[in-house]
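Dear colleague,

I am handing over the structure below, together with some notes on what was found in it. Please read the notes with the model open beside them.

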Amino acid sequence: MKRGLTLVILVGVLLLSITGMVLAKGRVAIIFATGGLGDKSFNDSAYEGMLLAKEKFGIEFDQAEPTAIAEYETFLTQFANTRRYDLIISIGFDQADALSKVADRFPNQKFAIVDMVVDKPNVASYVYKEKERGFLLGVAAALMTTRADDPRVNPEKIVGVIGGMKIPLIDANIAGFIAGAKYIDPEVKVLYSYVGSWADPAKGKELALSMFEQGADIIWGAAGRSGLGVIKAAEEQNRFVIGADSDQGYLAPNNVLTNGMKFVNNTVLIAIKQVLDNEFQPGIHLLGVKENALGYTKNLLPDDIIKKLEEVKIKMINGEIEIPDKIEDIE
């Protein structure tokens with residue numbers, strides 16, 4: 001009797017083990033950018049993508065929140081050393097150097113990076129046509145800054161954009177923003193500056209208040225967690241602000257005009273699905289408005305401005321609008 005019971009238990013354990021192997025959906029690691037979770041922007045959107053992947057595909061995941069660039073390589077190495085992850089994802093452009101080194105040391109490990117290119121045979125790089133997002137927001141800002149009947153809009157045709165750091169992808173956003181504003185009205189003046197950090201809301205607020213004093217009535221805060229300060233300044237001054245990466249309308253419901261959406265959540269989901277489907281493709285994956293990777297939210301936008309934005313989107317997708325990605329090409 002005991003032998004039979006033992007045999008049944010052993011068979012059951014074996015079947016459970018086999019079933020577990022069949023049903024395993026994969027394990028992923030993600031290293032967030034230094035702004036950390038709670039930025040209501042880039043990192044939070046990436047985290048949302050991880051939660052969606054867990055819900056849709058049944059994956060398990062581990063995460064790391066570095067507070068300094070110097071920590072990236074350590075976290076990447078620790079995750080890769082375990083040999084247990086189907087994919088390791090780096091969030092943010094400033095992980096490129098660390099990922100390049102670690103990818104060389106672990107050639108059989110699959111990696112993905114969002115917002116930067118790492119040219120390695122085991123790295124999939126997901127980057128965005130930043131100028132397209134900027135252009136749409138510039139169009140929206142230029143159309144809104146002439147709405148004299150709105151108490152949040154002053155008589156001046158001045159708008160602004162505050163970037164987190166002076167890097168090519170932020171400059172591409174600013175260039176697109178300026179071009180979009182000028183596309184609507186060449187007389188619109190566009191102010192721009194840089195925080196110098198992704199995690200300094202106080203500096204972001206200071207720069208925004210300065211722009212409002214100079215006559216801007218709409219500012220886009222493309223600055224990660226630093227952009228939270230821009231939103232706070234707009235709320236205090238009762239001016240308009242444009243959010244970044246995620247829908248930040250709930251932070252200042254009466255002042256967030258729209259949001260420059262970068263659907264990092266969808267990007268993370270795509271990267272994971274490709275690995276789970278055995279369709280991992282190293283190299284550059286360029287995403288834009290056409291791929292529904294960039295866009296805007298309606299929030300406080302009037303219907304006629306939304307209509308104009310949709311017309312502009314179609315022209316962009318059809319290649320009818322040429323958008324510069326360098327500020328000096330405009331100025």
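Predicted model: local features only at pLDDT ≥ 70, side-chain atom pairs only at ≥ 80, totals over all residues.

Residues are numbered from 1 along each chain as its sequence is written, and side-chain values use heavy atoms, with hydrogens and water left out.

The protein has 10 helices and 12 strands, these being DSSP runs (H or I, at least four residues, for helices; E, at least two, for strands) numbered from the N terminus. Its C-alpha atoms fill a box of roughly 90 × 40 × 40 Å along the principal axes. Of its 331 residues, 53% are buried, where buried means under 20% relative accessible area, exposed over 50%, and partly exposed in between, with a 1.4 Å probe and protein chains only.

The largest nonpolar core holds 71 residues, and those touching the most other members are M50, L87, I89, I91, F177 and I272; such a core is a set of buried Ala, Val, Leu, Ile, Met, Phe, Trp, Tyr and Cys residues joined through side-chain atoms within 4.5 Å. Helix α5 (residues 130–144) gives this core its largest share, 9 residues. Apart from this core lies another, of 20 residues, including I31, Y85, F106 and F111.

Helix α5 is largely enclosed by the rest of the structure, because 14 of its 15 residues are buried. Its end C-alpha atoms are 22 Å apart, which agrees with the 21 Å that its 15 residues should span at 1.5 Å a residue, the expected span being 1.5 Å times one less than the number of residues.

When neighbours within four places in sequence are left aside, I272 is in contact (heavy atoms within 4.5 Å) with V28, M50, A53, F57, I59, L87 and I89.

Turning to the surface, I284 lies in strand β11 (residues 283–287), and with 58% relative accessibility I284 counts as exposed.

Q214 is found in the loop between α7 (201–213) and β8 (218–222), and at 46% relative accessibility Q214 counts as partly exposed. With neighbours within four places in sequence left aside, Q214 is in contact with I158 and L191. Q214 and G160 are 54 residues apart in sequence, and their C-alpha atoms are 9.9 Å apart in space.

With best regards
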